[in-house]
Amino acid sequence: MHKLASRLQQFRSGSPLSFRLLAYILLFSSAFTLLASGFQIYSDFRKGISAIEERMLVVETSYASSLSRSLWALDQKLLEIQMEGILSLPDIVQLRLSIAPNSEIVMGDVPNDVETRVHTFELVHNGEESFKLGEMTITASLDQIYTNVQQTVVVVLTTQFLKTFFVSILIVWIFQYFVTRHLSSMANYAREFSLSNLDQPLTLDRPDTDLNRIDELSQVTEAINQMRERLRDDLQKQSLDAAKINKLSKAIQQSPSSVIICDRQWRIEFVNQKFTQLTGYDAESMIGKHPGMLTEDPFLQRENRQLWQAIQLQVQRVGVWQGESNSVRKNGERFWEQLIVTPIKDSDSHVTNYLILGEDISIRKRYEQQLLRQANYDILTGLPNRMLALDRLKLALAQAQRESSLVGVMFLDLDNFKHINDTMGHDAGDSLLIEAARRISSALRGTSTVARLGGDEFLVVLPGLQGDDAAAQVAERILQTFAPPFNLNHQEVFVSTSIGIAIYPTDSDNSGTLLQHADAAMYQAKNKGKSAYERFAPEMKEVSHERLQIESRMRRALELNEFELYYQPIVETSSGKICGAEALLRWNNPTMGMVMPDKFIPLAEETGLIIPIGEWVLNQACRSAVRWEQASGLKHGISVNVSPRQFRDPGFVDAVMHALQSSGLPAHRLELEITERLILDNSIETSEILSRLDREGVRLSVDDFGTGYSALSYLKSYPFDTLKIDKSFVQDVNAKQEDASLVRAIINMAHSLGLKVIAEGVEDEAQTDFLNEEHCDYSQGYYYSRPMPELDYEDWLRTSQRAQV
């Protein structure tokens, strides 16, 4: 018993599973034993009862006849003997014989508190007729049966319990040896299992047999070891993934773009450092908020709510949203932001989060707006440019067509703008354009458009006119705004404008044609004396067409060698000796014939063609002077006119030096004639160009002196060598005393400054005598020779040289 208790204690403390197994075995075995024993005992009990009942039936069968005969014979002694025989039978404890009519014989006693069974049968005499003699009642005791049942219960229960207990102990021991001790090993292995000992596999203390390799314990052991291997591999992967995640986290934090991560309900879970820098909101205050509801301004919240509703809808439908948003910083400052919104999905393609990338594009938007403005507006004046003006003109024409109204188109050109720009400088010219734009705009109503087409040209679009006279009234108001002087560089300058008018649909129903007609009308106004306006007339088409033809043909004239130089000699006034010649440009076009300079030079100036034409003139003139020297041995100079636009070209000085070097002409034999209006621009640019030319040895001459603004104070500031008196003063020196006095004063002033003087337009001997008397150095004009082509001039040069000899 002591060993048994010790074993049970070992089971209970060392192997709870075995103890529970033992308890369950005992419990269920005992229950089964009780059920089985109870069934057996009950069966034996029923057999005892049945035996008693059968015994009483046997008594009835065996004794009923003999008892009936004895009772019929009234043989009491025999009855008693028979009854004693019945009473001696097992379990029979009492007999009661009831004799008709009222006699009774009783043998035996019924014990108290004992369960009994009673059986009664009739005693009948069978003769000629049946006659009931009495009844026999047999009482049997069940006491012996119960005693037997008790004995059986004790024996059966004791036997079954001992058998069940020892069998359970054996089963438990087997279970512990083959199962639970290995489970304990697994538990100890799992208890000591950690990331530091992943290399130690689980092993069980049992033989490595084929049968053991396929049982459940081996399966569990293998599963644990496989788990250990997977965990080790996963740990290695996690180490790599952790490194990647760490790098990714740093990349997100240090990303140049703001990063927001929201949950599935669009609540912010994470923002990076760039977001806080960009918006001014700290990361902690953003958690749980909607990305479109950061500001507390109700108006901005309504505005953002509409935008983010559209964003969320498109992300759900398309999977991505990309666009621009006018966001707000914490301090209320607005900024433009480029947003990309995409969902983050798991391995099953279920959306888990939303990623929002943002980038501040405020600078780019400003550049875009600036570029858009530059593409549609004039930078200097702020007016619409040609492209925007044409768009508005087309819109005005479409509206006029619907409303059956008129549209006025006005072309404006500032009079003498190039003269002011050349003499007073580009800054003054820009100031003039800005003020002119302001004055034109002030004369218009709100629905009208004024645009700068380029240079000094402006376009005015007058929509919704009710009559032709309305455009003329606007033109009158514009001319009146130009009446006051312009203040340029602290100097008052009067500038007018010429206006050409075309009306839709009277003059044309096409925007391009309307512009051409207004342009033609503007040139007609300029030709009639400027500071005026002209309404388009059909005959103006021819003038405009001619101008376009001249420009178109002039662009190819240089390529087709249509230009040629004529030369007019310059002579010493006192002796008539030839000392140089002036190169004069002519254009001989096969279609238009000989085109005079005053017809194409202004257009060349306007279009910029004067620059390549001027370079060609320089090269040809220098080569001609060298050829004349080779042909006649005369080393005289060559004079070339320089236009203001050519002079201001950045490559002008290089072009002059290239002409000298390529021809071999010495620099001191080239004289550049510069207009008086150009030197009035007292700018650093002008001074540097003239000084550089002077250093290279090129002679400089002031052309047409006296026709423009007074330049006397500038002559000593620049390195000029010669001063040319305009022919308008020379032609009347003998007829008008004031012209003679003026020419005399110019000569004396030039000599006092150390300048040589050339008089242009000398046509008779009297003029020559006057100039000689006033000591004019050189003369030029028809009196000596008309301008001639190069070959004719060369022949004339030889003839004149022989005559002088």
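Start with T506, which sits in the loop that links β15 (497-504) to α15 (511-527). The model you're looking at is a predicted one. T506 has a relative accessible area of 48%, so it counts as partly exposed, a class that lies between the cut-offs of 20% and 50%. Now find G408: 98 residues separate it from T506 along the chain, yet the C-alpha atoms of T506 and G408 are 9.9 Å apart.

Next, head over to strand β11, which covers residues 449-454. Is this strand mostly covered or mostly open? Five of the six residues in β11 are buried, so the strand is mostly covered, with buried here meaning under 20% relative accessible area. Its partner is strand β12 (residues 457-465); the two run antiparallel, and five bridges join them. For a handy landmark in this pairing, look at T449, which stands opposite V461 in β12. Together β11 and β12 make a hairpin with two residues between the strands, and in that hairpin G455 takes a positive phi near 60 degrees.

Last stop: a patch of charge on the surface. Which residues form this negative patch? They are E763, D764, E765, D769 and E773. Take E773 from that group: it belongs to helix α26, which spans residues 765-773. E773 has a relative accessibility of 57%, and because the cut-off for exposed is over 50%, E773 counts as exposed.

Notes
Residues are numbered from 1 along each chain as its sequence is written. This is a predicted model: local features need pLDDT of at least 70, side-chain atom pairs count only at pLDDT 80 or more; totals for chains, interfaces and linings use all residues. Side-chain values use heavy atoms; hydrogens and water are left out. Patches are made of residues with over 30% relative accessible area and no salt bridge: like charges are joined within 9 Å, nonpolar side chains (Val, Leu, Ile, Met, Phe, Trp, Tyr) within 5 Å. Accessible areas come from the Shrake-Rupley method with a 1.4 Å probe; for residues, only the protein chains shown count as cover. A salt bridge is a side-chain nitrogen of Lys or Arg within 4 Å of a carboxyl oxygen of Asp or Glu. Lys and Arg count as positive and Asp and Glu as negative; His and the chain ends are not counted. The place of a charge is taken as NZ of Lys, CZ of Arg, CG of Asp or CD of Glu. Helices (H or I, at least four residues) and strands (E, at least two) are DSSP runs, numbered from the N terminus. Buried means under 20% relative accessible area, exposed over 50%, partly exposed in between (1.4 Å probe, protein chains only). Two strands pair if DSSP finds at least two bridges between them.
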